[in-house]
Amino acid sequence: MPAPVSGPMLTIGDFARASRLSAKALRRYDELGLLPPARVDPFTGYRYYAVEQLERARLIAWLRWIGMPLADVGRVCALYASDAAGAARAIRGYWARVESETAARRDLAASLVDRLKGPTEMTDEMTDETTGEMTEGTADGVSDRVTEGMTTARAGASTGAATGMAGRPGFVLRTAVRLDRGLVRAAQQDAAHAGPHLLAVADGYGPEGERAALAAVGALEAVPPPAPSARAGDVLNALEDAVRTADGAVSGLAESGTTLTAAVWTGGRLALAHVGDSRAYLLRDGAFVRLTRDHTVVQALVDAGELDPAEAADRPDRALLLKALDGGDVPPEPELGVHETRPGDRYLLCTDGLSAVAPADDIRRTLAAGVGPDEAAEALVTLARELGGPDNVACVVADVVPA
């Protein structure tokens with residue numbers, strides 16, 4: 001739909017030079033609905049742009065320059081038109097993901113260099129600092145697991161003391177776990193765990209879904225606590241092996257399987273493994289960022305630009321998984337990453353009984369309410385129930401605080 005015309009008009013060539021976008025890019029953005037021209041000549045098809053469209057064009061150019069995918073560019077531009085602060089938060093959230101992914105690649109590169117050639121300056125220069133702001137040790141960990149008001153000992157209470165890598169301050173990880181059957185489901189098929197070094201949630205499906213989820217989380221519990229000096233690559237290798245073991249643990253459960261999102265705490269970093277549509281989030285300085293990507297058909301359509309993210313939640317096939325632990329012939333490749341932590345960080349691992357029901361802003365506000373992990377986890381379960389509680393919920397809240 002052409003933009004409303006007001007003010008002087010520019011040819012596509014003049015507009016391309018003024019906006020520093022190529023004519024080819026402008027035609028592409030027109031096709032995608034990101035930047036339609038103000039007028040299209042009905043006979044020649046030639047495009048004309050209004051001068052006031054330059055601001056939006058430059059914003060698109062800048063967002064593309066920092067590598068933002070087109071689907072995210074569209075969301076930021078739409079936000080900017082009505083909520084500039086919201087657009088700024090979205091950009092901060094995107095850049096936080098970039099920095100987290102860059103940190104993960106850097107650590108993996110350093111680990112690879114160590115493995116192939118021995119220690120190098122890359123290892124020595126790694127720090128805990130990330131410069132961007134976000135929008136989603138041996139540790140004392142206090143955790144509990146609650147199902148319909150009954151506390152069980154699976155997560156238990158654990159304490160420990162760990163020292164970070166040389167030159168790093170020690171941190172304490174404080175956690176809480178909640179499981180809730182919800183208001184509709186007859187059985188609980190989610191599982192969760194939080195200990196001094198491991199966080200995990202799993203969402204089982206099929207007739208043996210509960211067994212599948214418990215088996216997957218149980219297999220992850222065998223991951224040994226990493227040494228303070230452990231290389232990121234080695235921790236991720238151990239996590240990947242554990243995911244394969246978890247996939248084997250659910251084999252033989254007819255027409256059943258589970259998602260799995262798990263994190264190993266190293267004292268200064270959180271190593272993450274993810275399969276399916278459970279999620280991991282980070283709340284830092286009030287900004288909220290999602291650390292995982294759903295392995296679903298709908299998410300694949302969104303990534304390809306074939307589906308508007310706003311439409312994804314209403315799709316009847318939104319829970320159709322592309323990856324899951326089902327004990328098949330070929331274990332799924334987990335999504336792996338390393339995220340550097342700071343004091344004050346709050347992490348959330350949850351199943352889609354929460355994330356598919358509650359809007360991200362509601363989850364963020366609940367996490368940022370200024371209460372401890374136990375109260376926050378309880379409030380998240382309450383939030384899901386207030387929104388109808390259509391599914392089981394498992395969530396783990398973990399805070400990073402100075403030792």
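Helices α7 and α8 run roughly antiparallel to each other in this predicted model. The reason is the angle: α7, residues 209-220, and α8, residues 232-249, cross at roughly 150°, and angles over 145 count as roughly antiparallel. Their axes come within 8 Å, and the crossing is right-handed.

Which residues make that contact? On α7, they are A215, A216, A219 and L220. On α8, they are L239, A242, V243, T245, A246 and A249. By class, that gives 9 nonpolar residues, 1 polar and no charged.

Next, a pair further along the chain. Helix α12 covers residues 360-367 and helix α13 covers residues 373-386. These two pack at an angle of about 150°, with their axes 9 Å apart. That makes α12 roughly antiparallel to α13. The crossing of α12 past α13 is right-handed. From α12, the contact uses D362, I363, T366 and L367; from α13, it uses A376, A379, L380 and L383. The contact of α12 with α13 divides into 6 nonpolar, 1 polar and 1 charged residues.

Last, a pocket. How many residues line the second largest pocket? There are 16, and those nearest its centre are R185, D203, A319, D352 and D391. Strand β10, residues 198-205, supplies the largest share of this lining, with 3 residues. By class, the lining of the second largest pocket has 6 nonpolar, 4 polar and 6 charged residues.

To recap the helix pairs: α7 with α8 is a right-handed crossing, and α12 with α13 is also right-handed.

Methods. Residues numbered from 1 in each chain as written. Predicted model: local features only at pLDDT ≥ 70, side-chain atom pairs only at ≥ 80, totals over all residues. Heavy atoms only, no water. Axes fitted to C-alpha atoms, helices over the stretch in contact; angles between N-to-C directions. Helix = DSSP H or I, 4+ residues; strand = E, 2+ residues; numbered from the N terminus. Parallel < 35°, antiparallel > 145°, perpendicular 65-115°, else oblique. Left-handed = near helix turned anticlockwise from the far one by under 90°. Contact = heavy atoms within 4.5 Å. Nonpolar A, V, L, I, M, F, W, Y, C, P; charged D, E, K, R; others polar. 1 Å grid on protein atoms, 1.4 Å probe; cavity = no way out; pocket = protein on both sides within 12 Å on 5 of 7 lines; lining within 4 Å.
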